[in-house]
Amino acid sequence: DRQWLKLSDMQTALADQAQAVRELRGLAGSGALSAQTANPPSSQVAQAFQRAYAATKLADYARGDWSVEAFGTNLKTITPLISTDAYAANVQSYVQESLITRNPDTLAWEGLVAKNWTVSEDGLTISFDLRDDVSFSDGQPLTAEDVAFTFTFIMTDAIQAPRDRAYLEKIQSVKADGKDRVTFVFKEPYFEALSLAGGMNIMPKHFYEPYLKEPQKFNESKGLLLGSGPYRLADPKNWTPDQGSVELLRNERYWGDVQPAYNRILWKIIQNDSARLTTYRNGDIDSYSARPVEYRQLQNDAQIQGKSQSFEYMPPVVGYSYIGWNQIRGGKPTRFADKRVRQAMTYLTDTGRIIKDVFLGYAEPAVSPFGNASKQHAAALQPYQANLDKAKALLKEAGYEDRNKDGVLEDQAGQAFEFKLTYFQANEDTSRMVLLLKDLYAKAGVKLVPFPQEWPVMLENLDKKDFDAITLGWTSSIETDLYQAFHSSQAISKGDNFIGYQNPELDKLIDEARRTVDEAKRMPLWQQAERILYEDQPYTFLMRRKSLLFVDKRIHNLQMTKLGLNLGSLPLENYVPLAQQKYTQ
Amino acid sequence: MAPQRRRVVSSPLLQVKHLRTYLQTGGEPVKAVEDVSFDIPQGETFCLVGESGSGKSISALSVIRLLPDGIASHPSGEIIFDGRDLLALPDADIRQVRGAQIAMIFQEPMTSLNPVLSVGEQIIEALHLHFPNMSAEEAEQRAVVALTQVQIPNPGARFRDYPHQLSGGQRQRVMIAMALACQPKLLIADEPTTALDVTVQAEILRLMRQLQDDTGMSMLFITHDFGVVAQMAHWVGVMQFGRLVEAGRCREVLSRPRHPYTQKLLASVPENLAKPDASAPPTTVRAEPVDAPAFEGSHRACGESSVVKLSRLLSGVEANGASSAQPAVFAKTSSGNTPSQVAVQSQALIQIRNLKVWFPVRKGLLRRVVDHIKAVDDVSLDIPRGEIVALVGESGCGKTTLGRAVLQLEPPTAGSIKIAGRELVGLSAKELRPMRRQMQIAFQDPQSSLNPRLLVETTLTEPMQVHGIGANRDERIELAEQLLDDMQLGREALWRYPHEFSGGQRQRIGLARALALNPEFIVCDEITSALDVSVQAEILQLLLEIRRRRNLTLLFITHNIGVVEYLSDRTVVMYQGKIVEQGSTAEVCGAPEHEYTRRLLGAVPRLVV
Amino acid sequence: MASSPKPLISRQSFSARIWRRTLDGVGVKFGLAWVGVLVLFAVFAPFLANSMPLLMSKNGEISAPVLRYLSIEDAWILVAFFIALAVSRLPLAGGAKFLVFLSGTAVAALVANLTVQPPALVIYDDFRGPEYVQVDWKIMPPIPYAPGDYLRDLGSKGLEAPFASAGHTHWMGTEENGADVLSRMIHASRIALSIGFIATGIALAIGIVVGGLMGYFSGIVDMLGMRLVEIFEDIPTLFLLLTFVAFFGRSLYMMMVIIGVTGWSGYARYVRTEFLKLRKQDYVQAAIASGLPLHSILFRHMLPNGVAPLLVAVSFGVAGAILSEATLSFLGLGVVDAPSWGAMLDQAVKSSTFNWWMAVFPGGAIFMTVFAYNLIGEAFRDAIDPKLSRRNGGES
Amino acid sequence: MLTYLLRRLLLMVPTLLGITVVVFAVMAASPGGISAQTLVGGMDMKPQEKQALLDYYNKRYGLDQPAPLQYLRWLNNVSPIGFVDDEQGHKSFSLTKGMDLGTSFQYGRPVADILAERIPITLLLNLVTIPFTYALAIWIGMKSATERGGAFDIGASLSMLALWSIPTMLAGVLLLGFFANIQYFQWFPTAGLSAREALDMPFLPHWNDSGFVRGFLLDRIWHLVLPVICLSYGGFAALAKLTRTSILENLHADYARTARAKGLAERDVLWTHVFRNSLLPLITVSAGLLPSLLAGSLIVENIFSINGMGQLAVEAVKGRDRELVLSITWISGFLTLVGYLIADFCYTLADPRVSYD
Ligand SMILES: Nc1ncnc2c1ncn2[C@@H]1O[C@H](COP(=O)(O)OP(=O)(O)OP(=O)(O)O)[C@@H](O)[C@H]1O
Ligand SMILES: Nc1ncnc2c1ncn2[C@@H]1O[C@H](COP(=O)(O)OP(=O)(O)OP(=O)(O)O)[C@@H](O)[C@H]1O
Ligand SMILES: [Mg+2]
Ligand SMILES: [Mg+2]
């Protein structure tokens, strides 16, 4: 589930990783009622609510007040399925729930709406038993029918949900067996089958079913959002973007074992960065995620320090950025089709320097698509160390020399080694990095021409494979699938392997790993694949960036988990003590 | 035509004593008024005359204290009005005097009224100001009465009109009504009729005299026209360079001017101008490239020669039929000519036949032409070679349009124009270009008739170059220098810009430009109207001299009958786009046939001494 | 003559008078002085702020690295400046001077293109490397940092306040990428000057031709012309800019052309009204009566007389173009890498931690320049229309 | 008068057509055009799904047809009269078919809806800004004109010129940084058009048991202060200068002298005579001020987080949202032209000399 599309919608707040975490939860499900725990502690609190329950036992715990956050761009719609941005997903995560959720401490799956589940021997069938006390915010009970309906609804062609359909199309059928049991049948073994089935946000049948007859109305809607989550829209049908904010009310009918602390969740839309920071300073929003330069400066800002708790952390799902070297252009191999050239470029790309100078150390070098903490990653692999001499040697070996003594290398044909690096224009850190790369490459006689582009133009060029090199980022998940970006099959025209990278050996490994449901057998396969990528360097992997976050001191019980900071994670663990509460409504 | 009635003089209403007015505008102060003293008795008119810039307006404005505070100062002087020194009054008091006791009207009737207020409002405003207790209805009545007084037709309705809906004469009447509404004791009129037609002027002047008789007010009347002075003044003061060089009873000053400046001014009046020396050598001595008939030169030289007498006789015949269709008249005229006269007619340089210049009036959605302004309507006219033909008529009758149409600056709607037998109408711009050499035009306004960005040299030589006169630049400069000699300007004038010349000088340059191409025919559109009399006299004399030397043909557009009489051989009278009378000048002016001509001539203020 | 009380005989031409009156004020002198300083900065930028020595001696061998690294543009601007200086001394008429200058600079551009060949890649770090340090002596420019020198070897982290960097002095601090702000400011004066003049020049040229034709011919030409003017008035410049940038990539020249191409409608309207008035002037009629060709009538007799009020609009237009550049940068469409005030101001505006030096210096420079142009325009307007001036009482 | 109005309205048609043709052509030719736009929506789609989406767009907007045809199709949709397809697919001419601005590619919503959302916001800003600008500008212009050469005049002229020279973005950020910041003066809010709390308040300010309640209206005004300042200072400076010029011209007009000769005090001359005449040029300018405020608001809208037309326009262009861009340009063009028309009409009311028939 790589959604690099989301990067575009989050242009002004690319570093806003806290949101990415929440979004992930939104997709993967949130909170769970433990069916596995035989004897819950004194009360009847389910496993998924244990952390939230613990919070309520804290001395200064109080319910009330609002959570106020800011979005950096205007939302176009918050209707599920048709919304495409992370912000909308964030809103939806408070309103709709899924069958299962990941435990922030163990990263294991726990039941939320589902009590427990069983996976068949062949891994093709998964059955969930649902809790019988779950109801939607309008009072209607949530049943297996709703889960089955959700699948049917998404798979309806008229509904504009191609993205979700693309994930779910591995599922053959979803059947409700009575009120409390639902069975997913897969077409083929798939390593992410459980998260696919259990992570689906459950849409109330009674609410959405009418739109099957009027799909156009659904597709054009702005705020059709109803679910079983702890919060709800005041009017589940009529939210509009022109309100300039999104506001969720407490779901008074919430079925969960622990009621959330906040009365309301409010997101203001503040596009301008300095306005957002000022608003945070003024105490009108509760958190501010900073760019590295800002973060460093704000560390010395007494006013900010006085009111904030600051966090720098590396969420496990953080995406990585890279430079992709286009290997085929106009049907002909480019100079980057030569592995030596790509390796040389990686040697020239001093990631240490980039991290130090541009990201001020708030990032770690990326070796491959797999994070350093991921089980997919082979610990033995170390990032390429910058090495000018090695790079020069490799380039020389590949036939590049400064033949006319103008400082730029030429190939045998006398063609200068000059290329355009395409990047998305609106991100300052990227621009800074590109300028740094330009200077780094110049040392080896390679001329980089910065080529900033607008998003649609860039996409068009990607689509036509009309670029020399491009720097972008992919979002990651707990376990990352290489298929989409590196499999040869995706190099054909419109796929996401837009650099035209083909390696049959890698293809085989990817196919194999995707079929292997058993984690213990799957991981070595990923590690083998990683080694190939490391050797081939189809991308020069750059780095993973830390989340840099200031949170208002009135928000309590902020903890670091394996999923990152628990700010806003569901079921809600944060609260504002009575003394610091601001909003009374 | 002196004022009809005199009053017994008691003490003067206004006494100006040793008035000095200096204007501070940056550098040196301008000594606009220097030690001026005069009295205006009750009920009488004091006329200030003098050339442009002599300080007349500033004197008047000093009296009513309308000069801007910042720039005007009075180093000395007293203005005693009704026993009070106006110069010493505080602002609040002078405002009580202004409008109520001293009223003023200005030269420009077009701009002196507020365009966005109705005339009634503007009159009532003054009333309200000086009679705060007057009720609204009463004020309105008074305003209507005032409008009736100045003989505005249908004053009740006109009351609500805006200034732009009135003609120039009517506007000036409104100004007078406004000034008189509060029954002031003194009316200051700063050239109130200069911008108006003679006929309108005559009516306004008559009206003012009548009002003076009725109300017994005094007047300070400013003008530069001695004809007007003769009609209006009891007393005259002549100003030069800010000083009052001569003052006295009107009759005495006009008949026995003592100061040389006054004498010079009076001598410059066209009526008094000496006709060019009749015994001057015949122009035929100057070799002209054109095929000028030898007799042309002698025509003027023998003064009231038999030919002229004959032509006058004949034009009398013409005039009889003038009111009938023009072409017929022409047919008659030519058929009745003696052989020699026929020769002249057939030699006519310019032949205009049934010329129409109509301006379309467009209306509606598609801007369709719904009507026409018939600026020139079916005019036929011959201009004989070597003659000066004066074109007179009231403002807007189509004189300028006719002149411009002859030169093809205005495309004619119908008709034919021939110059030296060649048809002009219907030629393309390209075909016309070489013809333009033969005909030129000079304009009224010395300000706008020369391109301010070009050296006089460029202005003169550029057309020469285009038409291939002079082999090279030096030659053309040489030619231009000769032209300036002819115009009695120094040769170094070539290297100056237009703004460095006075109005009269500029007018000469304008003429030089017209002459630069050595044309046969020039249209002079009111070239002296904007000039002072003395300058006008010089230009007129120059014109005659050049005509003599170059055998020029002129169409001289003017509405100054004095100039017509002095200058022209023939006179054509236009009225509402048509020619109503034409003939030799002496005859048209001496024995006008047409009703309109008579009215026109009757309206001209004459300096009868 | 009695009628001309003040002898008006002065040798000054109309334009000289206007010029003299324009200059007659404190504000305009300040404005011109500022623009003059900018011109000097623009011309001598490579010698004022650069990373390489102006002159150095190594092993007894004297060399001028600055000259070797002079770009074609640098060389061309230098030569053009000196040609302009020389031409202004020549005893020629205004038009002739301009022609000589134009042809001179054109030749210079050609020669520069053929002869000047700076290295294709400049590694600024090297100038602080042994090759340039182990020398007998060297003379550095007053600001020893090139605008594109991001001080990589000095480990500049960017956005350091003036004098705050350890080990190297930056009078105006460093910008986001670590380059010296003052150096960029100096080099950016080129953009500030050229974007104003070239963009406005293009707009003016189109505006004059279209407006002139409309005003002179009126009728159907006028009708069609007005529609064209309206169309261009109503198409948002921003829209065209965004699209064209996507078309052709970002380039300063592109920006100038687009600001120019979309900005002419105002001038056209102006010229049209002016020409409609002028057409009735007697001297124009006289020119027609003299049979002068159309181009002479349009461009010799009408244009110079209608252009004075236009020039006022131009000086304000130049100011406006500079602001446009800043706005473009705000939209993220500014030039990459090349120094520009707008882009630097944008860095200040965009960064949420307000870096005062990034706002004060570029913002101040933009303000001063726009202000200077506005002052000049204002003085010019006063000179043309004495009634409005503060100094003259106005002849009532 | 009516024919004049009709004529002017008719003359708008070619202009509007011209605008749309130019914009359409540029859109059609620009890279990252509509087809790329479909990519944005379909990044995660499989090739056949993308194809399906493209087919959908083709059917809907005729994207596979040549550009001129697409244009005609668009024109037919937008124009209030034109051809309609009936059920059988026959084309027939209809006078009552109504306007269809189409659906935004980017938002997937009808353009009309989007505009209906945004226009009121921009309108609110402008409606607040214009009277404010005019009142202050006229006052300052008048004062400098009457005190020409005085300290006020010179000071005001210089500061107007200086105001005019300040880049909007700098002004916006400085205002925000100093007057909406807890570190300096937290007098105004930072973002948006109203506070969340205010939405629940009654409209007018009042006192209740918990103290003063500012109410919705006051809250809105309070939010508008900074954006309105930002939006207006440039135009305000220009207007003030224009007023000064215009009043100076009229102060020395002949009719003003006539009024003084009547004995009117300088104050009355100014107010009853000069003032009305001086307003005439301002009317002409106001026609141009309206669209310029619309365009100028982009920066202000961004800085103060207001969702107006300015932001929408940029988003639309950046997203190559053809239907939206076309609609915005022709509507703003239309409004500009109507603005001129209204200004001319006001002119006839204010100036009796001008009449159109
Ligand atoms: N506002 C002014 N500032 C400076 N000088 C002025 C001003 N008004 C008039 N003058 C000068 O004062 C002198 C007298 O001018 P005035 O207007 O009284 O002449 P005039 O006799 O009325 O001339 P005209 O017949 O042209 O009206 C002239 O030299 C003129 O240039
Ligand atoms: N271009 C034009 N369009 C429409 N009407 C015009 C035009 N030029 C002149 N007229 C009208 O034609 C008539 C004659 O004008 P013309 O200028 O020939 O009068 P004139 O006798 O020269 O008057 P004056 O003595 O005031 O110069 C006037 O009613 C004028 O309004
Ligand atoms: Mg006078
Ligand atoms: Mg005339």
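**Helices, ligand shells and domains**

Author: Residues 119–140 of chain D are 100% helix and 0% strand, and their end C-alpha atoms lie 31 Å apart. This is a predicted model: local features need pLDDT of at least 70 and side-chain atom pairs pLDDT 80 or more, while totals for chains, interfaces and linings use all residues. Residues are numbered from 1 along each chain as its sequence is written, chains are lettered from A and ligands numbered from 1 in the order written, and side-chain values use heavy atoms, without hydrogens or water.

Reader: What makes residues 119–140 of chain D count as helix?

Author: Helices are DSSP runs of H or I of at least four residues, and strands are runs of E of at least two, numbered from the N terminus. Residues 119–140 of chain D are 100% helix. Residues 221–240 of chain D are also 100% helix and 0% strand, with end C-alpha atoms 24 Å apart.

Reader: Where does the name "transmembrane region" come from?

Author: From an unreviewed UniProt entry, which lists residues 119–140, 161–180, 221–240, 279–304 and 324–343 of chain D. Such annotations may be inferred rather than shown by experiment; their positions follow the numbering used here, and feature names are shortened.

Reader: Why is the site of ligand 1 called shared?

Author: Residues from chains B and C surround ligand 1, so the site is shared between chains. There are 16 residues around ligand 1, and the closest are Ser52(B), Gly53(B), Lys56(B), Ser57(B) and Ile58(B). A residue is near if one of its heavy atoms lies within 4 Å. Helix α1 (56–64) of chain B gives the most to this shell, with 3 residues.

Reader: Which side chains make polar contacts with an oxygen atom of ligand 1?

Author: Ser52(B) puts a polar side-chain atom 2.6 Å from an oxygen of ligand 1. For the side chain of Lys56(B), the N or O distance is 2.9 Å. A polar contact is a pair of N or O atoms within 3.5 Å (within protein, one must be able to donate a hydrogen and the other to accept it, and residues adjacent in sequence count only if both atoms are side-chain atoms), so these pairs qualify.

Reader: How much of ligand 1 does the protein bury?

Author: Alone, ligand 1 exposes 640 Å², and the protein buries 78% of that. Areas use the Shrake-Rupley method with a 1.4 Å probe; for residues, only the protein chains shown count as cover.

Reader: Which element gives the most to the shell around ligand 2?

Author: α15(B) does, with 3 residues. Both β13 (368–383) and α15 (399–406) of chain B supply at least two residues each.

Reader: How do you know that domain 1 and domain 2 of chain B are in contact?

Author: Contact means heavy atoms within 4.5 Å. By that test, 17 residues of domain 1 touch 14 residues of domain 2 in chain B. Their C-alpha centres lie 25 Å apart. The bounds come from an automatic or database domain assignment.
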